[in-house]
Amino acid sequence: MVFSTISCMTDFPLELDHIGIAVRDIDVATESYQRLLSAEVVHDEVVASQKVCVRFLQYAGQKIELLQSTELDGPVGKFIRDRGPGIHHVAFKTDNIYEEMERLRAKGFQILQEEPIRGAYNKLIFFVHPKSVGGTLVEVCQPISS
Ligand code: CMX
């Protein structure tokens, strides 16, 4: 069983892009991560469509996205209401988000969008429902080339 899982993963074309962390106060959380890792703030943005403000921190080439809800009824607001602050999603990057969406759909994953949508930091994104991935919300993203 362990061996078949590993062999399935060898053709997985996605690389980790960032970890999304739901927080109550983005400035307090930033201060914690800066003390913990000396992480650098590389991007701030309000994503009105997702009812969040986000801040990307970078440390040793790795990215963390802090998410603070702007509305109680947004996805991050509901997550914090039901579960408290903590890891909200894991994001993987791809070179072809449309192909990736079809690939994951064909494998039976529940994709939350019909088409990729515009996400923070100039990216196209879509989400895979946490119930499809053992309880973890997965984002797939692709930078929009200018
Ligand atoms: N991780 C793991 N589980 C989660 C979750 C998360 N981030 N968010 C919700 N869930 C769980 C709920 O707790 C619930 O679990 P139980 O059934 O065991 O109680 C279950 O998923 C389904 O919840 P739901 O009530 O049916 O649906 P919600 O209204 O809570 O919505 C979800 C869940 C994933 C569909 C919604 O949060 C969503 O669409 N998320 C994607 C969009 C998003 O998160 N945007 C913010 C990020 C912005 C960015 O990065 O740019």
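A pocket is here an open set of points on a 1 Å grid over the protein atoms alone, where a 1.4 Å probe fits and protein lies on both sides within 12 Å along at least five of seven lines. A molecule sits in a pocket if more than half of its atoms lie within 2 Å of the grid points of that pocket. By this criterion, the ligand sits in the largest pocket. The structure is a predicted model, in which local features need pLDDT of at least 70 and side-chain atom pairs count only at pLDDT 80 or more, whereas totals for chains, interfaces and linings use all residues. Residues are numbered from 1 along each chain as its sequence is written, and side-chain values use heavy atoms, with hydrogens and water left out.

The largest pocket holds about 620 Å³ of space, the volume being that filled by probe spheres set on the points, which are joined across faces, edges and corners. Its lining (residues with an atom within 4 Å of a point) comprises 31 residues, and Pro75, Val76, Phe79, His88 and Leu137 lie nearest the centre. Helix H3 (75-83) is among the elements that supply at least two lining residues, and H3 gives the most, with 7 residues. Helices (H or I, at least four residues) and strands (E, at least two) are DSSP runs, numbered from the N terminus.

The ligand is surrounded by 17 residues, of which Gln50, Lys78, Arg83, His88 and Lys131 are the closest; a residue is counted if one of its heavy atoms lies within 4 Å. H3 provides the largest share of this shell, 4 residues. Polar contacts are pairs of N or O atoms within 3.5 Å. A side-chain N or O atom of Gln50 is 2.5 Å from a nitrogen atom of the ligand. Polar side-chain atoms of Glu65 and Glu139 each lie 3.3 Å from a ligand oxygen atom.

Key:
Polar contact = N/O pair within 3.5 Å; in protein donor to acceptor, adjacent residues only side chain to side chain.
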